[in-house]
Amino acid sequence: MIVAEELKKSFRVTTRRTGGFSAFRALLPGSTSQVEAVRSVSFSIKAGEMVAVLGPNGAGKSTTIKMLTGILVPDSGTATTLGLVPWKSRRSVANRIGVVFGQRTQLWWDLPLSDSLDLVRHMYGVPAQRFAENLATCRELLDLDSFLDRPVRQLSLGQRMRGDLAAALIHDPEILFLDEPTIGLDLVAKARIRDALTHLNQSRGVTVLLTTHDLADVARLCQRVLLIDHGRVVHDGGLEALRTQFGSGCTLVVDLADPSASDKAQSPGAPETEERSVGPLVVPGAIETRSEGNRRWLAFDRREVSASDLIASVASRYPLSDLSLEEPDIETVIAGLYASRTE
Amino acid sequence: MSQPDVFLPSLYIRLAIARVRGRMRYRVGFLLMILGVFVANTFEFVALLVLFGQVRELGGWSAGEVALLWGMSQMSFAIAEAFGHGFEGLAPQVRSGEFDQVLVRPLPVFFQVFASDFQAQRIGRFLQGAMAVWYSRSDPASIQWHASDWTTLTFAVITGSVIFFATFVLGGAWALRVVDGQELMNTFTYGGTTLASYPLDLFSDPIRRAATWVLPLAFVNYFPALALLGRVAPDGMLPFGLTPITLALSAPIVALVYLGIAVVVWDRSVMRYQGTGT
């Protein structure tokens, strides 16, 4: 359905000039620098899959989508969408895919939504009969009836997004490309979009490729995640696998039984003195990252030391009253990955 | 069926009507916009008349003759703006990324931009131009209007609008290459109409040459007006020593060649945009 092979794309970025004659000075050489947006992206998506593309801003997600939809031509590498090279058969591919950019609208701002959908129908040459059927499906699926006759400029963001999704479905696309379809939406609106996408995927077999920053989207919709960072695919698989691959940093939380037990006894009193009574725990393979009264947080890497070994060695050195193991959630894993990018 | 079965002319009309209907939703605003364009142009024309209150003629051109030139250029420009505004207003769309939307639709890019912003409100400028031409009839130095002159005028106005339209297309192509080149482009479009509002023989030689050979503004109204008025041009104004009538008759060919060049440049700019993603 979609195949990308070593796609590569770099942009010339012009340093913006300000002041007088900026339009003329923009023509002068020496003001540009090369930015590698996509370094090497390869993957393939089968019919009926629903795939999320994750990655920090500027990782190359949108650029990849733009190449797969025929908007941009890559510097090197190749891709096929529906068996066609999208930038060579732009119009044929466009006729069989639907594209929604969450940040923009393709609807006519001043016209009722129904007029926009009708115009889209004529742009794709959809026969009246099929249009009527598809419109009926969209009205039900996206619950458009309450605002179908209202000008697009008066719609809420969630309604507008549903309208845009409807506009992308009028010509029965085989693939939907969605660039941040839930950005800025409230929980109810997000749920509506997700339900609609699930329905389209399951009952109509529409292949969906979406980019998002919302992990709830991914958890609800996609069995498969492509994580793009620095213009490369760094993970291709399930969301859980992402955690095992990148989320090896865990935390052991222990409660010390008695602060005086492992050190010289001091007069039991205020918590401050208790805290001072035991220094940072020293355990091989782990680092104390936080302490609060008797509670200590020990960070460790699962690949270096197993949880059971660590617990055993902590217990042999310090008397414990309680312990728990904290695994990172997906958000933390991704946030960590994003943060490491800038370092 | 790999590409949609769409008849582009009827789609154009549909999209143009949608555009007008969208604007008509704010009826008062729409009418004020027409009035605004009309009034602004009236001031320009009044300024011209005030000038002729002080001097009897401008480089040998009487008030009525200049009014004819001015009116022709206004009418041509109004038509070009009405049909070419999609290209004229492209720069902000390229900057915001809205232009990408065009590339995911199964229609020719040129057509989509062409059909994206039909501006009926430009009728204000057109009417103003028509009034100036009407006024020029009161000048005894002007033409004895025969039916054939009206035909010539109509052809000249349409030819002129094609030349201005092609300039807008080139402006759009420019916007695809240089993101903040709008001001420079306005120099050619709006500067062009101002230039074409006055007799070209008033200007210095480099400007005359540029208006004949680079951006063929001379063919918008100067050569046709010379022919209509039966005027003699100063030395060196007429390329290859051709008569004004021959030049006026060749204006449509010049306009179509110029438009052809503009379309080729446009296509290459779209390809370049896809290659570089400005």
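**Why these labels?**

Mentor: A polar contact of 3.5 Å links the side chains of Ser73(B) and Ser197(B). The model is predicted: local features need pLDDT of at least 70, side-chain atom pairs count only at pLDDT 80 or more, and totals for chains, interfaces and linings use all residues. Residues are numbered from 1 along each chain as its sequence is written, chains are lettered from A and ligands numbered from 1 in the order written, and side-chain values use heavy atoms, leaving out hydrogens and water.

Trainee: What makes the link between Ser73(B) and Ser197(B) a polar contact?

Mentor: The term needs a pair of N or O atoms within 3.5 Å; within protein, one must be able to donate a hydrogen and the other to accept it, and residues adjacent in sequence count only if both atoms are side-chain atoms. Ser73(B) and Ser197(B) are joined at 3.5 Å, so the term applies.

Trainee: Where is Ser73(B) found, and why is Ser73(B) called buried?

Mentor: Ser73(B) belongs to helix H3 (residues 63–88) of chain B. Helices (H or I, at least four residues) and strands (E, at least two) are DSSP runs, numbered from the N terminus. Buried means under 20% relative accessible area, exposed over 50%, partly exposed in between (1.4 Å probe, protein chains only). Ser73(B) has 0%, so it is buried. Setting aside neighbours within four places in sequence, Ser73(B) is in contact (heavy atoms within 4.5 Å) with Phe164(B), Thr193(B), Ala196(B), Ser197(B) and Asn221(B).

Trainee: How do you know that Thr211(A) is buried?

Mentor: Its relative accessibility is 0%, so Thr211(A) counts as buried. Thr211(A) lies in strand E7 (residues 207–211) of chain A. Its side chain makes a polar contact of 2.5 Å with the side chain of Asp179(A). Beyond its neighbours within four places, its contacts include Val53(A), Ile65(A) and Pro181(A).

Trainee: Why is Asp172(A) called partly exposed?

Mentor: Asp172(A) has a relative accessible area of 28%, so partly exposed is the label. Asp172(A) sits in the loop between helix H6 (157–169) and strand E6 (175–179) of chain A. Its phi is positive, about 55°, although Asp172(A) is not a glycine. Most residues other than glycine have a negative phi.

Trainee: What makes His230(A) partly exposed?

Mentor: The value for His230(A) is 34%, so His230(A) is partly exposed. The loop between strand E8 (224–229) and strand E9 (232–237) of chain A holds His230(A). Phi of His230(A) is positive too, near 50°.

Trainee: At what angle do the axes of H5(A) and H7(A) cross, and why is H5(A) called oblique to H7(A)?

Mentor: The axes of H5 (residues 128–142) and H7 (residues 187–204) of chain A come within 10 Å and cross at roughly 135°. Under 35 degrees is roughly parallel, over 145 roughly antiparallel, 65 to 115 roughly perpendicular, and the rest oblique. So H5(A) is oblique to H7(A). Among the residues that meet are Asn134(A) and Leu141(A) in H5(A), and Arg192(A) and His199(A) in H7(A).

Notes
Axes are lines fitted to C-alpha atoms, for helices over the stretch in contact, and angles run from 0 to 180 degrees between N-to-C directions.
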